[in-house]
Amino acid sequence: MTQVNFVENKKNNIDLVLQPIKNNTVINEASILELIEKSEYSNLQINTSNIKNAIAELNSILKPLQEDKSGREIRYQILERKDATIEIKVDDDAMKATAEITTALGGKNLSPKDILAEAQAVGIKKGFIKEALIKLAQQSLKESEGMLIKGVIASGKTPINGKNARIKQLVQCAQDRILRPKERDDGSVDMRDLGDIICVRIGEPLAKVIPLTEGIKGYTVTGIPLEPNPGEDIQMKAGEGTVISPKNENVLISTSIGLPRSIENGMEIDEVYKLKNVDVTTGHIKFEGSVIIDGDVCEGMKVYAKGDITVGGFVESAQLEAGGDITIIGGIIGKKQEVEDLSTTDITMSVNIKAEGNVFAKYCQYSDITCNILRIENQLMHSIIHVNDKLWVGSEDKANGKLIAGYINAINSVHAGTVGATAGSATTITFNRKIKDFKNKLHEIDEQLKIETEKTQGLKVATNKLKALPKDKANPEMLKKVVSTYQFHAAKMGEILFEKENVEEQMQTYMTEVYVEATERVYHGVQMNVGDFNDKTKREYGPSKMTYFERKVHIKPVTHS
């Protein structure tokens, strides 16, 4: 019987050694493969071509031999030890390098250093992940022979853009200070002692520039530096009563005693007029700066200020108008009116408050208020409110106050703990002011479109008439001019139609973004108007959000963590 042996050669691979002896036993490729599978070399790469060559040569030698006679030895390398191989791939943006390893077939495996060296050889210079190199090398040892494994071994660093320069206030403005009074030693606060809290002294630092930052550089895995965008600089503005410090160009200081006010990129100092009360003894107040009233604004009185108005007590059936904020530490009290069946245009409240900025009060009833943001801390009742941003009834951190009856015209949102009342008093909240602006804009666009349509149609008629003229009366220059004008106005129509579509889309988006939110309860009789669409609650709801979408006002429950 022919002897079959597997012998290691000088290359550390395995040869098939056949010692031919002629008999009835058949040696073929299948029997060789079976012997390999049972041997200690089953994990090596098989060279089937050489096996076939060895079998062919064996049969050639056996053929002329007599029975039980032996022939010359046959030797072919049929099994090969394969070292692990590695390929490094770099992403197009060179921010990531991935190693693809084919595990060894009885050969040498790759160590973390081997993977590192191969990556460096193909140009990877930065961002190596030590843990990933170790993990990939360990994984290649655990996986089956000849398996493909992949892993990210290096990552680039994205540059971090610099921060813009900004203005940091070093003193609080009037409203901020009053709403956060300093405590006494016993823990109580004196809300009426506003002088020292609000006024600044000459030479007091008001604001400073926090310089821009250049950012942090990044890099690719191939070592190319990535430059960040530096932040944008800012120029601090010295408003009335302030100056840039001669000692530090980044600091703004006061040149007068007064009330600090924020302006764009800076601050200014309002001259402050301070009174104990506003009543018949003081008369109406009209002042160019800011007004501080330690006590109350009494019935029938008027206070006008180009700056802020601060009231330490109450406002009762009076008029206040400010170019800045109005802060009322006590409440706003108007005279009771029966307004259920009246239009808002027919109602004149005894309290009328207007502010270019924001308005704050502890509570409010029977008042007409127009401002940017209105915050009533406890309860807002039977009032007419126009806000250019939002209405917030509650504490600074949570809308937990009561909004009872009245007419609210808001731009963005309305927030309260409870909205409406158990008696079902009419509470109307509308978001139509901005929608009216959209509709006015669309009306203007339609008028422009009408004009351009008429011009275009007229030019089209003229073009057709010129084209229909006989050759002897044709005027090519005139036709060319009319066609050019027609094309201009047709293009203008396209621009107008695009603008109209854009405005309509903006209006629809706005309508879906406005909302009323009650963190605790909504009673029946609360109506929300969004454009031509409205709905009034007919029962009581828990925490809810009223919104508009798909041509309808919806009331959905909300949960608050």
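**Entry 1: helices 3 and 4**

I started where Pro112, Ile115 and Leu116 of helix 3 touch Leu133, Ile134, Leu136 and Ala137 of helix 4. Sorted by class, this contact holds seven nonpolar residues, with no polar and no charged ones. A reminder to myself before going on: this is a predicted model.

Next I looked up the geometry of the pair. Helix 3 covers residues 112–121 and helix 4 covers residues 130–142; their axes lie 8 Å apart, at an angle of about 115 degrees. I noted the crossing of helix 3 and helix 4 as right-handed.

**Entry 2: confidence**

How far does the pLDDT carry me? The mean for the protein is 89, and 94% of the residues reach 70 or more. I did find a stretch to treat with care: over residues 190–197 the pLDDT stays under 50. The model still gives that stretch 17 contacts beyond four places in sequence.

**Entry 3: helices 1 and 2**

I found helix 1 at residues 29–38 and helix 2 at residues 48–62, packed at an angle of about 125 degrees with 10 Å between their axes. That angle makes helix 1 oblique to helix 2. I have the crossing of helix 1 and helix 2 down as right-handed.

Which residues of helix 1 meet helix 2? I listed Glu29, Ile32, Leu33 and Ile36 on helix 1, facing Thr48, Ile51, Lys52 and Ile55 on helix 2. By class, the contact has five nonpolar residues, one polar and two charged.

**Entry 4: helices 7 and 8**

I then moved to helix 7, residues 432–468, and helix 8, residues 476–513. Their axes are 8 Å apart and the packing angle is about 160 degrees, so I can call helix 7 and helix 8 roughly antiparallel. The crossing of helix 7 and helix 8 is left-handed. I sorted the residues of this contact too: 21 are nonpolar, seven polar and 12 charged.

**Entry 5: aromatic pairs**

How many aromatic pairs does the structure hold? I have four on my list. One of them is Tyr273 with Phe287, a tilted pair whose centres are 5.3 Å apart and whose planes make an angle of 40 degrees. I placed Tyr273 in strand 17 (residues 272–275) and Phe287 in strand 18 (residues 285–287), so this pair ties together parts that are 14 residues apart in sequence.

Methods. Residues numbered from 1 in each chain as written. Predicted model: local features only at pLDDT ≥ 70, side-chain atom pairs only at ≥ 80, totals over all residues. Heavy atoms only, no water. pLDDT = per-residue confidence, 0-100. Contact = heavy atoms within 4.5 Å. Axes fitted to C-alpha atoms, helices over the stretch in contact; angles between N-to-C directions. Helix = DSSP H or I, 4+ residues; strand = E, 2+ residues; numbered from the N terminus. Parallel < 35°, antiparallel > 145°, perpendicular 65-115°, else oblique. Left-handed = near helix turned anticlockwise from the far one by under 90°. Nonpolar A, V, L, I, M, F, W, Y, C, P; charged D, E, K, R; others polar. Phe/Tyr/Trp six-rings, centres within 6.5 Å; stacked < 30°, edge-to-face > 60°.
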